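Work through the exercises below with the sequence and the model at hand. Each task is followed by a solution in steps.

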Amino acid sequence: MNSKSLPGKAIWLVVSSLTTLTLMSMCQPSIARNVLAAFTLYALKMDRANIPCPSLTTNPQLDSVQLPTMYESARDSRADYLVGLYDFARGKLSSAEIQISHSANSSSEPLPIYYLWAGCLKEALGDEVGAVEEWRAGGAREYFMRKGYAYFSQGNYAESLREYTVVIRIEPAFANGWLGVAAAQQNLATVNRARWADMLTSAKTALALAPDDPQAHYLVGYGLWLSGGDVREAELNLRWALNKRAYWGDAYSLGRMLLDQGVAGEPTALMQKALSLKSDNDEIRAQLVRAYLAEGQCAVAQQEARRALERNPAQQERLRQICGAYNACKCIFD
């Protein structure tokens with residue numbers, strides 16, 4: 001048998017089987033539903049990477065297959081849902097929205113997944129308010145939170161931000177959603193892909209909703225520092241966070257901010273603490289060299305600079321710049 005003909009023969013077998021089973025299902029709705037489910041699973045491809053909803057596509061060779069006979073035999077919320085997905089994948093958004101909304105509003109079996117897709121369809125149709133209502137009804141907040149966290153963990157901060165933004169659309173008073181938004185904006189602002197002012201607004205919203213959350217205080221302090229806001233308020237928030245948890249970012253941010261202000265002494269202890277919590281961070285090591293230089297501990301600064309250079313030779317130019325900023329001490333690398 002020619003292997004190149006297998007895909008076509010497989011599709012022919014599926015369609016033939018569906019035809020046979022459809023005739024059987026006319027008298028047995030449960031079989032009709034199973035036929036419909038089998039067809040849908042075979043015909044659709046889902047890409048979960050799309051934002052905020054997964055994308056659906058169909059096998060082009062099955063686009064012309066019609067479902068009315070088996071659908072009418074199996075008419076219930078699950079059948080509505082399956083046919084709606086199939087129409088969604090074929091770009092028939094209006095009919096898909098009707099079918100899936102019907103499944104979500106069914107009194108027999110309204111499952112959360114129905115509401116998720118009903119919201120996705122409304123979003124695709126430009127009905128943002130309707131989308132949020134469906135997602136809220138289906139308890140989809142945690143679904144989007146998990147997606148936001150997954151993207152954040154991968155370093156995909158733009159995608160993470162879009163998912164977290166859906167979360168706060170669903171529940172505007174949800175502090176963790178705002179924390180996610182602010183953290184994503186923080187990373188994007190670092191590479192000039194978001195505004196520090198926007199990040200600070202999000203962080204302050206999170207803090208208002210969760211005044212005892214160290215992460216909210218950290219993000220507010222960080223945002224004030226980088227946006228050129230009230231330095232005293234930034235320091236108070238960073239110290240509050242530092243006193244409540246053992247996170248390297250609190251110590252590093254406060255130490256770096258104090259160094260930028262020309263403070264010597266305390267930044268050294270803060271950078272040492274940060275390094276003890278995250279020993280693989282080259283930037284902490286570079287700032288520790290800077291802290292030693294600010295104190296006039298020239299020999300210790302040079303020793304730390306050499307240690308940092310041994311760990312990562314690519315840091316040489318960065319360390320040279322730091323050493324060159326303090327005339328009282330000289331770091332020798334050669």
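**Exercise 1.** Decide whether Arg-307 is buried, partly exposed or exposed, and find the residue with which Arg-307 forms a salt bridge.

Solution. The model is predicted, and the values here are computed from it.
- Step 1: Arg-307 has a relative accessible area of 35%. Buried means under 20% and exposed over 50%, so a value in between counts as partly exposed. Arg-307 is therefore partly exposed.
- Step 2: The partner is Glu-304, and the closest N and O atoms are 2.6 Å apart.
- Step 3: Both residues belong to helix α17, 3 residues apart, which means a separation of about one helical turn.
- Step 4: Glu-304 has a relative accessible area of 6% and is buried.

**Exercise 2.** State which helices are tied together by the pair Glu-266 and Arg-239.

Solution. 
- Step 1: The side chains of Glu-266 and Arg-239 form a salt bridge, at 2.7 Å from N to O.
- Step 2: Glu-266 is partly exposed at 32% relative accessible area, and Arg-239 is partly exposed at 23%.

**Exercise 3.** Describe the salt bridge between Asp-260 and Arg-290, then name the network to which these residues belong.

Solution. 
- Step 1: In the salt bridge of Asp-260 with Arg-290, the closest N and O atoms are 2.9 Å apart.
- Step 2: Asp-260 lies in helix α14 (residues 248–260) and Arg-290 in helix α16 (residues 282–295), so this pair connects parts 30 residues apart in sequence.
- Step 3: Asp-260 is partly exposed, with a relative accessible area of 42%, whereas Arg-290 is buried, with 15%.
- Step 4: Salt bridges link Asp-260 and Arg-290 with Arg-256, Glu-283 and Arg-318 in a network.

**Exercise 4.** Give the number of salt bridges counted in the model.

Solution. 
- Step 1: The cut-off is a side-chain nitrogen of Lys or Arg within 4 Å of a carboxyl oxygen of Asp or Glu.
- Step 2: By this rule there are 18 salt bridges.

**Exercise 5.** Locate Gln-315 and list the residues Gln-315 touches, leaving out those up to four places away in sequence.

Solution. 
- Step 1: Gln-315 sits in the loop between α17 (298–311) and α18 (316–324).
- Step 2: The relative accessible area of Gln-315 is 11%, so this residue is buried.
- Step 3: With the sequence neighbours left out, Gln-315 touches Asp-282, Ala-286 and Leu-309.

Key. Residues are numbered from 1 along each chain as its sequence is written. This is a predicted model: local features need pLDDT of at least 70, side-chain atom pairs count only at pLDDT 80 or more; totals for chains, interfaces and linings use all residues. Side-chain values use heavy atoms; hydrogens and water are left out. Helices (H or I, at least four residues) and strands (E, at least two) are DSSP runs, numbered from the N terminus. Buried means under 20% relative accessible area, exposed over 50%, partly exposed in between (1.4 Å probe, protein chains only). Contact means heavy atoms within 4.5 Å.
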